[in-house]
Amino acid sequence: MERLGTGIGWRPEIADAVERMPGIDWVEAVAENVCPGHLPESLRRLRERGVTVVPHGVSLGLGGADRPDEGRLAALAERVEALGSPLVTEHIAFVRAGGALTASPHLEAGHLLPVPRTRDALDVLCENVRIAQEALPVPLAVENIAALISWPGEEMTEGQFLYELADRTGVRLLIDVANLHTNHVNRGEDPAKALAELPLEAIAYVHVAGGFERDGVWHDSHAHPVPEPVLDIMTDLASRVSPPGVLLERDENFPAPAELEGELAAIRRALEAGAVERVKAELRSAGRAAVREADPSVAESGALARGDETGAAGATRGASGLPHPQDAGAARQRLGLAQAALLSALVAGTPVPEGFDRVRVGVQARALAAKRADVVAKVAPELPEILGADYRPAFLGYAQTHPMTGGYRRDALTFAEHLLHAGRPADTRARRELRGWWQDRSGPAPRSRRPAHRLVRATRRALLRR
């Protein structure tokens with residue numbers, strides 16, 4: 001497995017700082033934000049210097065009930081080729097639900113949502129991963145995600161689920177230690193147990209990121225400093241295996257370059273502390289092996305003492321047989337119905353499915369709406385400029401009754417159309433600016449700035465309607 005070293009998430013806002021940072025061996029770029037034919041100059045310069053660039057996908061939805069979209073896979077493969085990457089990564093998550101499989105409206109989450117750790121979900125995920133592996137020109141690694149909510153009736157722990165996934169597909173793992181901490185706070189899951197159950201040899205690299213806690217819920221924001229508990233999990237992982245690569249993620253609220261370099265230094269110290277513990281453990285193991293070789297009776301008693309533990313571990317790590325094709329289709333439909341019901345409750349206000357924590361679903365629903373508002377403001381920065389302080393409350397009100405059915409750009413247009421149909425904003429000038437913005441972007445071509453040309457186009461449209 002290729003050694004990547006220490007890296008940082010490349011974002012346009014910190015591109016110049018990343019280029020100047022010492023000790024950066026590689027970077028990771030959000031795949032959907034990279035245009036293969038027009039790579040950012042910063043990424044070009046980094047590649048010319050020999051810095052590895054890994055595309056990190058966020059929209060495949062490998063944990064969804066539908067098979068991966070061929071167009072999205074082709075686009076991801078194109079980015080791999082353009083960046084000359086040695087591997088590509090995605091998430092163990094679903095990002096959309098509904099549609100033909102469930103005969104229900106198509107819904108987009110705009111966010112990574114957790115997959116139930118059940119046999120049905122595992123069978124579907126394994127098939128989806130294999131489809132992706134065949135379509136991509138380099139090895140695929142998949143990431144464990146952070147979650148605010150837990151699925152009822154789960155049949156495996158996170159470690160067991162990831163072990164079976166890697167065992168059945170050969171896929172590599174991108175382990176996010178910040179997400180392990182998030183799931184510890186939000187779902188009571190033990191990070192050490194998850195690490196103990198992982199196939200460590202399958203790890204491609206590791207993510208480290210920050211977040212914040214509010215009202216007992218940990219939010220994986222990628223906009224705050226890396227906390228000590230996350231660094232402690234990093235040390236625990238490094239005490240078990242030397243990860244091929246470690247990367248600092250930061251998506252918003254970017255600090256000064258010196259602060260980012262300080263976080264990278266803290267990550268390196270956590271790795272070094274773990275390496276020391278790993279060497280000590282290896283020396284202790286070597287000592288025990290020497291004792292067993294000298295006295296076979298010690299080895300026999302040791303094996304008996306470990307018998308129950310080893311047997312239990314083996315029971316959780318057995319590879320599952322491949323599902324029968326008919327069973328796979330039924331599993332997809334069952335998973336699709338469950339995911340559509342949950343996503344509808346999150347984005348369309350339908351009743352919360354039985355077994356879910358209603359309070360947590362409400363927290364997740366508000367978080368999804370807030371993220372939609374933030375991303376639409378970035379995709380269409382003119383909207384907050386036109387609407388001013390009214391933008392955010394107006395969008396959050398819109399999001400309560402208008403789930404996202406396409407991408408964020410379509411969401412921005414639909415939001416503007418919604419306001420205009422309601423005669424908003426109240427200010428005449430702002431409403432005129434919003435109408436002009438919407439008309440420029442909703443038609444097949446932008447409106448001409450010259451009145452005579454606009455009149456000709458309007459006349460042509462009127463004649464065609466006749």
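Which residues of H5 are buried? In this predicted model, the buried residues of H5 are Glu-158, Gly-159, Gln-160, Phe-161, Leu-162, Tyr-163, Glu-164, Leu-165, Ala-166, Arg-168 and Thr-169. Helix H5 also supplies the largest share of the lining of the largest cavity, namely 3 residues.

**Helix H5**

- Helix H5 covers residues 158–169, and 11 of its 12 residues are buried, which leaves the helix mostly covered.
- The length of H5 agrees with expectation, because 12 residues at 1.5 Å a residue should span 16 Å and the end C-alpha atoms are 17 Å apart.
- Gly-170 follows H5 and has a positive phi, near 75 degrees.

**Cavities**

- The search of the whole structure identifies 3 cavities of 30 Å³ or more.
- The largest cavity holds about 120 Å³ of space.
- Its lining consists of Ile-92, Pro-114, Val-115, Arg-117, Asn-144, Ile-145, Glu-158, Phe-161, Leu-162, Asn-183 and Arg-187.
- By class, the lining of the largest cavity contains 6 nonpolar, 2 polar and 3 charged residues.
- Two helices, H5 and H6 (177–187), each contribute at least two residues to the lining of the largest cavity.
- Trp-10, Arg-11, Pro-12, Ala-29, Val-30, Asn-33 and Val-34 form the lining of the second largest cavity.
- That lining divides into 5 nonpolar residues, 1 polar residue and 1 charged residue.

- Strand S3 (residues 52–56) is largely enclosed by the rest of the structure, because 5 of its 5 residues are buried, that is, under 20% relative accessible area.
- The cover extends to both faces of S3: Thr-52, Val-54 and His-56 are buried on one side, and Val-53 and Pro-55 are buried on the other.
- Strand S2 (residues 26–30) pairs with S3 in the parallel sense, over 5 bridges.
- Within this pairing, Val-30 stands opposite His-56 of S3.
- Val-30 also belongs to the lining of the second largest cavity.
- Together with helix H2 (residues 41–48), strands S2 and S3 make a right-handed β-α-β unit.

- Strand S5 (residues 94–99) and strand S6 (residues 104–113) run antiparallel and are joined by 4 bridges.
- Arg-96 has Glu-108, in S6, as its bridge partner.
- The two strands S5 and S6 form a hairpin with 4 residues between them.
- In the turn of this hairpin, Ala-103 has a positive phi of about 50 degrees.

**Backbone features in loops**

- Most residues other than glycine have a negative phi, and most peptide bonds are trans.
- Asp-215 has a positive phi, near 55 degrees, although the residue is not a glycine.
- Asp-215 lies in the loop between strand S10 (212–214) and strand S11 (217–219).
- With a relative accessible area of 78%, Asp-215 is exposed, because the cut-off for that class is over 50%.
- Asn-253 is another residue other than glycine with a positive phi, here about 50 degrees.
- The loop that holds Asn-253 lies between strand S12 (245–248) and helix H9 (257–294).
- The relative accessibility of Asn-253 is 55%, so the residue counts as exposed.
- The peptide bond from Arg-424 to Pro-425 is cis, and its omega is near 0 degrees.
- Pro-425 is located in the loop between helix H15 (408–421) and helix H16 (428–442).

- Arg-20 belongs to helix H1 (residues 15–20).
- Arg-20 is exposed, and its relative accessible area is 61%.
- Although Arg-20 and Pro-257 are 237 residues apart in sequence, their C-alpha atoms are 9.1 Å apart in space.

Notes:
Residues numbered from 1 in each chain as written. Predicted model: local features only at pLDDT ≥ 70, side-chain atom pairs only at ≥ 80, totals over all residues. Heavy atoms only, no water. Expected span 1.5 Å × (residues − 1). Buried < 20%, exposed > 50% of the residue type's maximum accessible area, 1.4 Å probe, protein only. Pairing = 2+ DSSP bridges. Right-handed = clockwise from strand over helix to strand, strands pointing away. 1 Å grid on protein atoms, 1.4 Å probe; cavity = no way out; pocket = protein on both sides within 12 Å on 5 of 7 lines; lining within 4 Å. Points joined across faces, edges and corners; volume = space filled by probe spheres on them. Nonpolar A, V, L, I, M, F, W, Y, C, P; charged D, E, K, R; others polar.
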